Amino acid sequence: MTQNLRRPPRALQDPYPVSRAKPTVSTSADLLTTSRINRFHLRAQSGSVSGSESGSVSDLRPANNLWPDALNRQFSADDMCRAQQEIQQWDGYAATSLESLSQVAATAGVRQLWYKDESTRFGLGSFKALGGAYAVMHYLADLLSEQTGTAISMASVRAGEHKAALSSVTVTSATDGNHGRSVAWGARMAGVNCTIFIHRDVSSAREQAMASLGATVVRIDGDYDESVHHCAAVAKENNWQVISDTSYEGYRDIPRQVMAGYTVMVDEILNQTDELPTHVFIQAGVGGLAASIAAAFWQRTGHDCPAFIVVESDYADCLHQSFIQGKPVDVKIQQETMMAGLSCGEVSLLAFDILSSCVRASVTIDDTAVPDAMRMMAMGQACNKKLEAGECAVPGIIALLGVSHNAEYRAQLGLTDESRVLVFGCEGATDPDLYHAIVGDIS
Ligand SMILES: Cc1ncc(COP(=O)(O)O)c(C=O)c1O
């Protein structure tokens, strides 16, 4: 059973407490004044990778800097390729845009800042659409292949060719929003039953979004952990399949497929730019997103692989602490960040195996600059185009600005005026009321 400690933001119950100051800044120069790094950990840069299934793959890139066999055995190029080929066949598939945030780049003193805008992904509002739904499809094709003894394709599942055989299957997950929405959508695409467990603080807008995709949504009177435990117990009792985005001892295959789905973003980026990024600032909750992006870049670009800087909330820095200690460690969430998707106290083991092998540095930020950054994006002050950036979309920008005017950090990360930086706008207004309450009037 997963021990993931992803928790809800308090702000969800009272969508942006009135006591909290509204954002007043709107330009990247203003944002510089509120963007700060609270913890910074630089990791050593050479070493070797040794494979393990226990979360203890030891550190750092091999001398030749190629995607190592040890990691390929855990998360293969084939996993990534298969997911990319499948997802790019789905109805409504379109590459999300890669924006150039020229004004923020100038403020940060770098040559280029790309922003992968996931707010439009499959109409679900976040990159999560790629992961849970793909894992559902992959699981069902495997299940049917096992049952029939012949290879059943995901395309045939999507085409509804196995409706009868799948009519009794139920997939399930506990969620604080985006992942559950993806699982519910995948279940609808495949024509299987779906029950999603949410906790007492998940907003009704997020609940509605999942119900409108056909899922049975069960709200439990407890917190996120309790919803996870409840989901696992009910799944066991009813023989349902749990589709989780975090891996733990004995549960790696489904999170691997979730991560494979996320690698579509890297495939798109490599088609959208002629130049590679030199640095990627990537936000993390359990680490699945960061690990999938790092793995796909490393696998595709080898020697030219960018440097990865993991960005977490001060309140949920499980990867940062794990890097310092050299093994996966849990942190207790004492306070909720408004970046709800990042509020996780325990790292995904598969993600840690990959990230501990390639991350250059980890940093933490607080919530202060989040509303300001969202407003700057909404007002078209980052690149002369209005961009809908949700709470989890802006940590990369904040962290870049936070390090950019610190000479020591810049030197340690090799950040110069020639650097090309990539960040991920992971979500749009996934809870529209909350989003509008945060950014305020942007007319
Ligand atoms: C919008 C958004 N961004 C980032 C993340 C973090 O991803 P991960 O938990 O894979 O690190 C999440 C997780 O739910 C999310 O919903």
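Predicted model: local features only at pLDDT ≥ 70, side-chain atom pairs only at ≥ 80, totals over all residues.

User: What's the average pLDDT of the protein?
Analyst: pLDDT is the predictor's confidence in each residue, from 0 to 100. The protein averages 90, and 90% of the residues score at least 70.

User: Where does pLDDT stay under 50?
Analyst: One such stretch is residues 1-19, and another is residues 46-59.

User: Back to the ligand. Which residues come nearest?
Analyst: There are 19 residues around the ligand, and the nearest are Gly-285, Gly-288, Gly-341, Cys-392 and Cys-426. Being near here means that a residue's C-beta atom, placed from the backbone, lies within 6 Å of the molecule.

User: Which elements give two or more residues to that shell?
Analyst: Helix H8 (178-190) and helix H13 (288-301) do. H13 has the largest share, with three residues. Helices (H or I, at least four residues) and strands (E, at least two) are DSSP runs, numbered from the N terminus.

User: How many helices and strands are there?
Analyst: The protein has 19 helices and eleven strands.

User: New topic: how much of the protein is buried?
Analyst: Buried residues make up 56% of the 443 residues. A residue is buried if 20 or more other C-beta atoms lie within 10 Å of its own, exposed if 12 or fewer, and partly exposed in between, with C-beta atoms placed from the backbone.

User: And the largest nonpolar core, how many residues does it have?
Analyst: It has 141 residues, and Ile-282 and Leu-113 are among those with the most contacts inside it. The core draws at least three residues from each of domain 1 (10-127 + 257-439) and domain 2 (132-244). Those bounds come from an automatic or database domain assignment. As for the term, a nonpolar core is a set of buried Ala, Val, Leu, Ile, Met, Phe, Trp, Tyr and Cys residues joined through C-beta atoms within 7 Å.

User: What does Ile-282 touch?
Analyst: Leaving out residues up to four places away in sequence, Ile-282 touches Leu-289, Ala-290, Ile-293, Phe-308, Val-310, Val-311, Gly-396 and Phe-424. Two residues are in contact if their C-beta atoms, placed from the backbone, lie within 7 Å.

User: Is His-279 buried or exposed?
Analyst: His-279 is buried, because 24 other C-beta atoms lie within 10 Å. You'll find His-279 in strand E8 (residues 279-283). His-279 and Ile-309 are 30 residues apart in sequence, yet their C-alpha atoms are 7.4 Å apart in space.

User: What about Asp-372, which helix is it in?
Analyst: Asp-372 lies in helix H16 (residues 370-378). Asp-372 counts as buried because it has 27 C-beta neighbours inside 10 Å.

User: Last one: where is Asn-239, and what's its phi?
Analyst: Asn-239 sits in the loop between helix H10 (224-238) and strand E7 (241-242). Its phi is positive, about 60 degrees, although Asn-239 is not a glycine. Asn-239 is exposed, since 9 other C-beta atoms lie within 10 Å.

Technical notes
Residues numbered from 1 in each chain as written.
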